[in-house]
Amino acid sequence: MSGNIEGKVVVITGASSGLGEATARHLCAQGASVVLGARRVDRIQSLADELIRGGGKAVAVGTDVTRYDEVKRLVDTAVQTFGRVDVMINNAGLMPHSPLERLKIEDWNRTIDVNIKGVLYGIAAALPYMKQQKGGHIINVSSVAGHKVRPGSAVYAATKSAVLMLSEGLRQEVKPYDIRTTVISPGAVDTELPDSITEPDVADNIHKFYQAYAIPAESFARTVSFAISQPPEVDVNEILFRPTRQEL
Ligand code: NDP
């Protein structure tokens with residue numbers, strides 16, 4: 001299903017690699033105008049240039065999601081450039097796994113700032129426009145780790161569990177404005193995510209796991225496309241998917 005995407009204005013955080021980049025390509029190919037946010041401006045700019053060369057509509061805005069003013073500027077740019085914001089995809093995230101006893105406090109702070117506050121800032125930036133428009137769609141990215149914690153993943157899992165709760169609270173609150181909400185929880189998908197692990201032994205194990213199990217980022221892009229392409233009266237609230245071979 002791919003209807004109901006053409007002409008939509010879609011803002012994507014974390015669009016410089018992995019799931020965000022794949023989603024930008026996928027939705028642009030279906031006629032969406034994509035607004036790309038990430039800190040690596042060179043990457044999102046060259047992606048936007050490539051999409052435009054291919055006949056698509058795209059704009060890149062350097063964005064650190066830990067800064068509300070920058071996330072607001074990202075969404076404001078979408079509205080200034082394309083006239084509205086139909087879909088906000090709060091995708092930026094990191095996963096610096098480590099056992100709690102290693103006291104990686106800097107990693108904990110970064111994870112909370114990006115994975116929780118970044119999502120909240122995305123909601124804050126998009127919601128006023130969507131209320132005014134009386135419609136829109138907010139898509140938050142959680143994880144299988146938001147449903148299941150394992151040794152070494154406590155902080156990451158806590159942030160992703162928070163994303164589930166924020167999404168459900170948001171869903172109930174925005175009903176009066178005809179705003180749809182979706183939270184997507186992927187299993188292992190082949191991206192740069194394991195590179196955010198700062199403990200070499202943990203990184204080694206996760207890289208091996210990803211090499212054995214991870215599926216292409218296009219799998220995620222298709223779930224986003226599925227949620228957006230439903231008719232306006234259909235609100236797909238949760239999607240959880242894994243590689244077929246992944247047990248956890
Ligand atoms: P990548 O590492 O490939 O992409 C992460 C993206 O987040 C990058 O574009 C990065 O851009 C962006 N990002 C990180 N920090 C910031 C920041 N402070 N401000 C703005 N952007 C930031 O990983 P994925 O594509 O896999 O991750 C996307 C989301 O999917 C994350 O929320 C992750 O937790 C979630 N997820 C991924 C799974 C997987 O197996 N891949 C499984 C479950 C969930 P830049 O560095 O340029 O700022």
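## Stop one: helix α1

Start by selecting residues 18-29, which form helix α1: at 1.5 Å a residue, its 12 residues should span 16 Å, and the end C-alpha atoms are 17 Å apart, which agrees. Bear in mind on the way that this is a predicted model.

Now colour α1 by accessibility. The helix is mostly covered, with 9 of its 12 residues buried. The buried set is Gly18, Leu19, Gly20, Ala22, Thr23, Ala24, His26, Leu27 and Cys28. Step past the helix and you come to Gly31, which follows α1 and has a positive phi, near 95°.

## Stop two: a pair inside the helix

Go back into α1 and show the side chains of Glu21 and Arg25. They form a salt bridge, with the closest N and O atoms 2.8 Å apart. How many residues apart are Glu21 and Arg25 in helix α1? They are 4 apart, so about one helical turn separates them. An α-helix has 3.6 residues a turn, so residues three or four places apart point the same way.

## Stop three: Arg84 and Asp86

Next, select Arg84 and Asp86, whose side chains meet in a salt bridge with an N to O distance of 2.7 Å. Compare the two ends: Arg84 is partly exposed at 35% relative accessibility, whereas Asp86 is buried at 9%.

## Stop four: a link between two loops

Now select Lys104 and Glu199. Their side chains meet in a salt bridge, 3.0 Å from N to O. Lys104 lies in the loop between β4 (87-90) and α4 (105-133), while Glu199 lies in the loop between β6 (179-186) and α6 (200-213), so the pair ties together parts that are 95 residues apart in sequence.

Lys104 counts as partly exposed, at 23% relative accessibility, and Glu199 counts as buried, at 14%.

## Last stop: the whole structure

Finally, zoom out and show every charged side chain. A search of the whole structure finds 16 salt bridges, among them Glu21 with Arg25, Arg84 with Asp86, and Lys104 with Glu199.

Notes: Residues are numbered from 1 along each chain as its sequence is written. This is a predicted model: local features need pLDDT of at least 70, side-chain atom pairs count only at pLDDT 80 or more; totals for chains, interfaces and linings use all residues. Side-chain values use heavy atoms; hydrogens and water are left out. The expected span of a helix is 1.5 Å times one less than its number of residues. Buried means under 20% relative accessible area, exposed over 50%, partly exposed in between (1.4 Å probe, protein chains only). A salt bridge is a side-chain nitrogen of Lys or Arg within 4 Å of a carboxyl oxygen of Asp or Glu.
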